[in-house]
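This briefing covers selected local features of the structure shown below. Points are grouped by topic.

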Amino acid sequence: MRPFTYERPTDVAAAVKAVAATPGAKFLAGGTNLLDLMKLDIEQPTHLVDVNRLPLAGIEDTPQGGLRIGSMVTNSHLAADARVRSRYSVLTQAIVSGGSGQLRNKATAGGNLLQRTRCAYFYDPSKPCNKRHPGSGCSAMEGLNRNSAIFGASDACIATHPSDMAVALTALGAGVETMTADGATRSLAVADLHRLPGDTPHLETNLAAGELITAVILPPAPPGGQVYRKARDRASYAGGLASVAVVGNQVAFGAVAHKPWRAEKTEAALAGGASAVEAAHAELAGAQDNGKNGFKIALVARMTADALGQASPGRGA
Amino acid sequence: MSSVKDWAAPNPVTENRSGIIGKGVDRYEGKLKVTGTAAYAYEVEPPSAPAYGYLLAATIAKGRITAIDTAAAEASPGVKLVWTHLNVPRQARRGERINPRSQRPSNPALAGDRIEFFGQPVAFVAADTWENARAAANLIAVTYAAEPAVLDFRASLDQAEMPQGEEDVLIGDFEGAYAKAPAQIDETYFSPLQNHVQMEPCATTAWWEGDKVTVHTSIQMVKGGQHSLAETLAIPSEKVHLLTRYIGGGFGGKGQAYDDLVLAALGAQALGQPLKLSYTRQQMFQATIHRPAVSMRVRLGAEPDGRLNAFAVEAITHCARSAPFVEHAANFSRNLYAAPNRLTGHRLVKMDIPHAGPMRAPGEAPGMLSLECAMDELAEKLGIDPIELRLRNEPDVDPETGKPFSIRQLTECLNTGAQRFGWSRRNPKPGQVRDGRWLVGMGMAAAIRGNFLLPAKAGVRIDGTGIITLRQGMTDIGTGTYTILAQITAETMGVTMDQVKIELGDSEFPPAPGSGGQFGAATAGSAAFEANMNLRKALAELAIGDPNSPLYGGDPTYVTFGNGNIAIENRSESLATLVSRAAPEGVYVEGAISPAADARDYSQHTYGGHFAEVGVDTVTGEVRMRKMFGVFAAGRILNAKTAKSQVTGGMIWGVGAALTEGNVVDNRYGSFINQDMAGYLVPTHADIVDLDAIFLEEADDKANPMGIKGVGELGICGAGAAVANAIYNACGVRLRDFPMTPDKVLEGLMAKGL
């Protein structure tokens, strides 16, 4: 087997240091994605730093009126938190639409953000994939790419980010706090956490080596209704064909790009007084059909218009 | 009639004095399974510490291995052996047979440098741990010379040929009658390739004692597996002891042995150590059999009153180039509806993908998705209720052979189902019923599935404590076979369930054909019944001939069994007392069943009616089940609970066939795009909200002495068509390409301006 070592620190700085100090080391949180990928020999960590004993499992009110969610809060706990349910219902809706009950019990806020694509070719080591082997090619580009990206894809990769939670966080304008290898903390917006594939689809986030997400920061919820809509092939335990998060006039799409996709053109159109349908199409005008995923363009447009209407019943269709 | 004893009329199962037959008793092995103590093939403890194997799979669809470098694998930690086609021990050539009575020929592993499909095992590694075996296998470098391969079924339909020996069935003048028909339907339906996706992968634990090998493996047919391995190893079949006590799903996919069986046995022999070998989840998709895709053209020519005058069902399907198999998707239609002018047949495309083979209700499952939707289309065209259309085409005798039906309750299934489901609530005009953003609709379909009985034996023994043990080389693939055999034994012998033991899945037990084609319950159950009847006779003779028995000298005609006793009127003693006194070593007898002499004189089937209500999301095209109800007629039901689980499980599978399930070949590689359970979607609990089924009272006296028939395949037959018809009724989108995923439904909604 591929030997790897394992440790389970109780101190955040020690965990960060351990990963930074060991080439090929990875953090292990819920393990719902990493362990599968290790079994398939796709992830090949030399050292696992288990972060489940770190004191990062709390949810606190922030002085600004938002919430600070420890990165080790499980998806189930986060979705069930009374404050989240009452003030950030879009987040609860998004989380419970993802995975299965068993997965949500294990998956964490930090890990959810860092899960890897569900592109079938990524999971099949017998096929070229620029994420697994940079430069080997993208099998999805000319392949069975029904579930691939319609925004922001490159010639190197048309994979999508699979998270539902991250789409809601993006629409909420949430941020993350991290600890970097040198022990410093920094903040960045969830919208800036993930990268577009470009020529380097194997680089998926803007985190540095060893950098650990310690918290997700929710700003005070903006006014307006909150809606999360996800279209999928079956009623549970299925990745989205597409999803839409609406928070007032803030809109993000899921399962359509290498990152949660903030629909800025839709938001601008809404600000300019456009109808829901017009606003939806404003963003979708830039979408790209890669062969078998073209249906997503109409799908997202319809879901967006409908979700906008649901979030703000007074808004014109 | 078959060999039911003349002196046992009414027979004890028919009489059902203690009421065990038909009762929904819990699974005989249920506690073992839910407590994790039922040892499946890979979990069986061998007599000493085992080695672990791993298979490396080919990554091209067709061609030749030109080089294979195993040096790094051989040097990898813990590795005990590495085999390729260059050094695998000698096996019989594929298809060879030493024993002419063997049920299966040789099926060697790593047999040559030819690659016939993506996923074909090309190397085998055994190591001290599974992880070391896998790591070493991944170090093997295989060089291939790829050759052009036929991988795209839809693009190859024009290359389809008539399967050898399978002429079309032509009755009357189909073309002439169709041309003149006032109402015509001519549509083509497509159902995709499907995988079995059993929870338990194929797996074997093997060890040798002298020149005899013991294999615990996951297979539906005990004798087939035993003979296949014996022929491959070129040893007598009695030198193979095959056991398959618990099976985590088969569905037809484990009707045959795979390379795990052969290489586990060969590896254990070479190492002088037990060996465990399993397919991975991905290999289960890529390297076992599948249900082939089917393209079905249906042409119906009807009178204005709905009576069919011209009827054609033509299927095009595919199989592997080297493994002929026909998905008989048109066969069911030969027995379903009356029509004087008929054409049915099959065409076959030879492809370079894994072997096509049987999967739950082979033929009916994909086939009924076509005709039962076409009937819905015809009903709408004629303005006739879809149930009424079917009733107007109900035949008096088998529409193809003219034989009488043994019993046929299709009409009763449809009428009962309509009433219980509330079919009268259905608005025949599509797209009329709104519930928020959902459009709601109802659909129905008929179900038909043949009934069979194969030769089988069973042995039964009673010991001095009165415990009765039934042994049979039968399998329980999760269907409830253990349980129904215990019920038959308890009822026949007049004892309680806890006085009965059932032992199955052993090649050294009296043989039974195994699980498949929904023949298991009737076949194994009838043999068990015969064995128990023979035990009754033996015990009656024992008592009557024993001067110490209160039954001594009595008339065997009046012997009864009940409450653990044997009795003649008010003279009785317990079975334990009798046996411990008169035959302290116990009494063992066997029984056998074979098809009745007149079995082929009747058209014999199981029937059903499916009713589905769905919602179609008008924004996304997502379809969600709201309600599903099935009514079935399948002979005497042995166990209300396990039989219902079988048909409801089939219905759920039908929901999957309609909405989610299918695989697609990537034409560049020859591999399936879905190779795990996150990609290959079967329904989850959330997809099945309100689903129920009932059985009609029935006993088919032409089937077997107990009047029972199979239920394992029936539930899926037609189920998906009811869902598809409900989608149409809901939103007016008529799809003919399964599964009906949101992208397809959405395209239809948009085309209608919705």
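This is a predicted model: local features need pLDDT of at least 70, side-chain atom pairs count only at pLDDT 80 or more; totals for chains, interfaces and linings use all residues.

Residues are numbered from 1 along each chain as its sequence is written, chains are lettered from A and ligands numbered from 1 in the order in which they are written, and side-chain values use heavy atoms, with hydrogens and water left out.

**Strand β5 of chain B**
- All seven residues of strand β5 (residues 121-127) of chain B are buried (under 20% relative accessible area, 1.4 Å probe, protein chains only).
- β5(B) pairs in the antiparallel sense with strand β1 (residues 51-57) of chain B over six bridges (pairing needs at least two DSSP bridges), and B:Ala57 stands opposite B:Pro121.
- Strand β3 (residues 79-84) of chain B also pairs with β5(B) in the antiparallel sense, over five bridges, with B:Trp83 opposite B:Phe124.

**Helix α11 of chain B**
- Helix α11 (residues 410-421) of chain B has 12 residues and spans 16 Å from first to last C-alpha, close to the 16 Å expected at 1.5 Å a residue (1.5 Å times one less than the number of residues).
- Its buried residues are B:Leu410, B:Cys413, B:Leu414, B:Gly417, B:Ala418 and B:Phe421.
- Seen down the axis of α11(B), these buried residues fall within an arc of 125°, so they line one face of the helix (directions run from the axis to the C-beta atoms).

- A:Met1 lies in the segment before β1 (5-7) of chain A.
- A:Met1 counts as partly exposed because its relative accessibility is 42% (partly exposed lies between buried, under 20%, and exposed, over 50%).

Notes
Helices (H or I, at least four residues) and strands (E, at least two) are DSSP runs, numbered from the N terminus.
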